[in-house]
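This report goes through one protein chain, from single residues up to the whole fold. Please look at the sequence and the structure first.

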Amino acid sequence: MNGIVLAGTSSGVGKTVATLAVLRALQRTVRDPQPAKAGPDFIDPSHHAAVCEKPSRTLDPWLAGEEGCRRNYHRGSGDICVVEGMMGLYDGTNSTAAVAETLELPVVLVVDAKAGMESVAAQGLGFREYAAEADRDIDVVGVLANRAHGGRHEAGIRDALPDSLSYFGRVPPLGGLEIPDRHLGLHMGREAPIDAETLDAASEEIAVEELLEVATEPPRPEPRPHGTDTGKTVAVADDAAFCFRYPASLERLRERAEVVTFSPVAGDSLPDCDGVYLPGGYPELHGAELAAGGTLAELGARAAEGLPVLGECGGLMALSETLTDTDGDTHAMAGVLPADVTMCERYQALDHVELVARGDTLTASGGEQLRGHEFHYSTAEVADDADFAFEVKRGDGIAGAKDGLTEYRALGTYAHVHADSGAFDAFVDSL
């Protein structure tokens with residue numbers, strides 16, 4: 001499957017809207033696009049999935065390694081893969097440029113053109129030439145003008161582009177294309193989808209055939225060992241409070257075990273299972289429902305009996321003693337981990353992380369390193385005698401350069417990890 005990368009000049013230029021417009025333009029010309037996202041994001045992919053009705057692939061060489069990044073790409077299906085970048089093209093340890101280089105995909109630069117014409121061309125040319133300075137083997141093949149009017153505005157952009165850069169169309173400055181945001185980023189795709197007619201209008205000026213012409217296919221990855229079916233059952237929390245999970249993680253769990261889902265927000269009883277996975281999400285927005293629903297209390301009792309439970313970020317919060325939201329209201333959580341969590345007005349950590357296991361734990365063997373990502377607005381006050389599974393080699397962790405708060409056979413981390421880290425294989429094998 002051929003693909004392209006849609007990269008921004010910076011954060012805030014409208015990459016997500018431009019990506020959705022390109023996906024819709026491909027659909028309108030009877031193509032089957034496969035969405036993907038560079039970096040560890042959970043939210044932008046939810047908007048991709050709302051348009052395409054298929055999972056958006058997570059492409060992050062830090063989380064998954066270069067071969068894992070290629071495997072995740074080739075897990076997709078369709079006529080063309082559209083990869084939305086993160087931040088600006090060259091920004092970050094694991095930049096969009098690094099992803100494009102790993103996959104050997106052409107880069108289409110999304111430029112905010114609302115107040116520029118020749119300057120749009122200057123940005124495109126600068127980003128193309130800077131690849132050599134950044135020592136990145138990538139090809140910036142052209143620009144997509146976001147928030148650009150037609151007529152003289154569009155002609156001014158097109159005419160100013162040098163021969164080395166193609167013009168791939170524009171997304172007009174329409175009302176209704178704004179996606180509301182909150183802490184952690186945009187609202188999820190199922191909460192605030194762009195109106196279908198508005199997205200149709202936004203997609204009309206995309207140069208679909210030109211995009212298809214420049215798209216290329218990434219190298220094929222080394223096959224991953226399949227792993228045996230353990231015959232175990234893993235219960236996965238799945239609702240508005242626990243919605244941050246990578247498609248590959250569930251896919252890997254399903255290769256190794258039976259997966260059943262449940263909703264703590266709805267107060268579902270815990271399914272019969274050999275282990276529980278609580279992904280991240282927004283438990284802070286559903287504290288009252290979680291406290292009253294009964295699921296977390298049942299989970300706490302089962303964890304105390306030795307049921308293995310893995311909680312990531314929001315899952316860590318749900319496993320704690322209490323959660324205090326930004327209104328100052330404190331809600332009882334599962335009471336498994338000796339910590340009280342408090343939400344803050346600004347983010348407390350945002351980075352790729354690297355952890356070293358202090359001993360054998362649910363997701364790693366002693367001395368093993370795990371790479372992941374952390375992004376949270378909460379802090380955790382932990383008991384003085386709390387046990388931690390990981391030393392933090394890079395990142396912030398929970399407290400004192402440590403992550404992986406553990407009690408009984410439960411493990412809660414601020415770090416999100418990807419299936420290609422091996423963490424979910426270790427989890428299933430531990431059941």
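Leaving aside its neighbours within four places in sequence, which residues is D79 in contact with? Here contact means heavy atoms within 4.5 Å.

## Basis of the report

The model is predicted: local features need pLDDT of at least 70, side-chain atom pairs count only at pLDDT 80 or more, and totals for chains, interfaces and linings use all residues. Residues are numbered from 1 along each chain as its sequence is written, and side-chain values use heavy atoms, with hydrogens and water left out.

## D79

Apart from residues within four places in sequence, D79 is in contact with M1, N2, V30, R31 and D32.

D79 sits in the loop between helix α3 (61–74) and strand β4 (80–88). Helices (H or I, at least four residues) and strands (E, at least two) are DSSP runs, numbered from the N terminus. Because its relative accessibility is 44%, D79 counts as partly exposed; buried means under 20% relative accessible area, exposed over 50%, and partly exposed in between (1.4 Å probe, protein chains only).

## N146

N146 belongs to strand β6, which covers residues 140–146. Its relative accessibility is 3%, so N146 counts as buried. Not counting residues up to four places away in sequence, N146 touches V13, G14, V110, V111, D112, A113, K114 and V171. A polar atom of the N146 side chain lies 2.8 Å from the backbone oxygen of V13.

## The whole chain

The chain has 13 helices and 23 strands. Of its 431 residues, 57% count as buried. Among contacts with a separation of 6 or more, 73% are between residues 24 or more positions apart.

The C-alpha trace spans about 70 × 45 × 40 Å along its principal axes. The chain has a radius of gyration of 22 Å, which agrees with the value near 22 Å for a compact globule of 431 residues. This radius is taken over C-alpha atoms, and the globule rule is 2.2 Å times the number of residues to the power 0.38.

Terms used
Polar contact = N/O pair within 3.5 Å; in protein donor to acceptor, adjacent residues only side chain to side chain.
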